[in-house]
Amino acid sequence: AVVSTQSGHYGRGTLLALFVCAMVIMLIVATSGCITWLQYVSIFSYVKLAVTLFKYSPQVYVNCRKKSTEAVSIYQFLLDLTGGSISLLQMALIAYNYDDWKTFIGDFTKFGLAALSIAYDLIFIVQ
């Protein structure tokens, strides 16, 4: 796939190279002791959240433009919806069990990933 901009096109290789460069820079920062290794690993969860956002958006756009979901299997989205719902349920049960509702939203990336997946899955199901 090619990402279009006003000045030209960026292929997947360019985006992958930018990602790898950013991770190498953060690795250098982690080895220098400016951030902890846990913070370094946590950065990957934010990357996963961004990837999820960019993973679904083009398909939503194509479906809206073509007004069709002909080549898209609904089952993958139903399974993804189930996974996101179970993840939210797990977070709610843990928060209830420990009577600490701050933990429900405390792990922003886990909550964000589940909420984002559910939102996109509902969009696909409605389409």
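**A ring cluster and the helix beside it**

Tutor: Tyr56, Phe77, Tyr120 and Phe124 are linked by ring pairs into a cluster. Bear in mind that the model is a predicted one.

A pair of aromatic rings is described by two values, the distance of the centres and the angle of the planes. By the rule used here, which asks for ring centres within 6.5 Å, the count comes to nine aromatic pairs. One of them is formed by Tyr56 and Tyr120, with 5.2 Å from centre to centre and 35° between the planes, and this pair is tilted. Tyr56 belongs to helix H2 (residues 37-66) and Tyr120 to helix H5 (residues 108-126), so the pair ties together parts that lie 64 residues apart in sequence. Tyr56 has a relative accessible area of 8% and is buried. Tyr120 is buried as well, with a relative accessible area of 11%.

Next come Phe77 and Phe124, whose ring centres are 4.1 Å apart with the planes at 20°, so this pair is stacked. The cut-off that matters in this step is that planes under 30 degrees apart count as stacked. This pair, too, links distant parts of the chain, since Phe77 sits in helix H3 (residues 74-97) and Phe124 in helix H5, 47 residues apart. Phe77 and Phe124 are both buried.

Now consider H3 by itself. At 1.5 Å a residue, its 24 residues should span 34 Å, and the C-alpha atoms at its ends are 34 Å apart, which agrees. Its buried residues are Phe77, Leu81, Gly84, Ser87, Leu88, Met91 and Ala95. To read such a list, recall that an α-helix has 3.6 residues a turn, so residues three or four places apart point the same way. What covers the buried residues of H3 includes H2, helix H4 (102-106) and H5.

With a relative accessible area of 15%, Ser87 is buried. If neighbours within four places in sequence are left aside, Ser87 is in contact with Lys110 and Ala114.

Finally, look at the loops on either side of H3. Most residues other than glycine have a negative phi. Lys67, in the loop between H2 and H3, has a positive phi of about 55° although it is not a glycine. Lys67 has a relative accessible area of 74% and is exposed. Asp99 follows H3 and is placed in the loop between H3 and H4. Its phi is positive too, about 50°, and Asp99 is not a glycine either. At 64% relative accessibility, Asp99 counts as exposed.

Key
Residues numbered from 1 in each chain as written. Predicted model: local features only at pLDDT ≥ 70, side-chain atom pairs only at ≥ 80, totals over all residues. Heavy atoms only, no water. Phe/Tyr/Trp six-rings, centres within 6.5 Å; stacked < 30°, edge-to-face > 60°. Helix = DSSP H or I, 4+ residues; strand = E, 2+ residues; numbered from the N terminus. Buried < 20%, exposed > 50% of the residue type's maximum accessible area, 1.4 Å probe, protein only. Expected span 1.5 Å × (residues − 1). Contact = heavy atoms within 4.5 Å.
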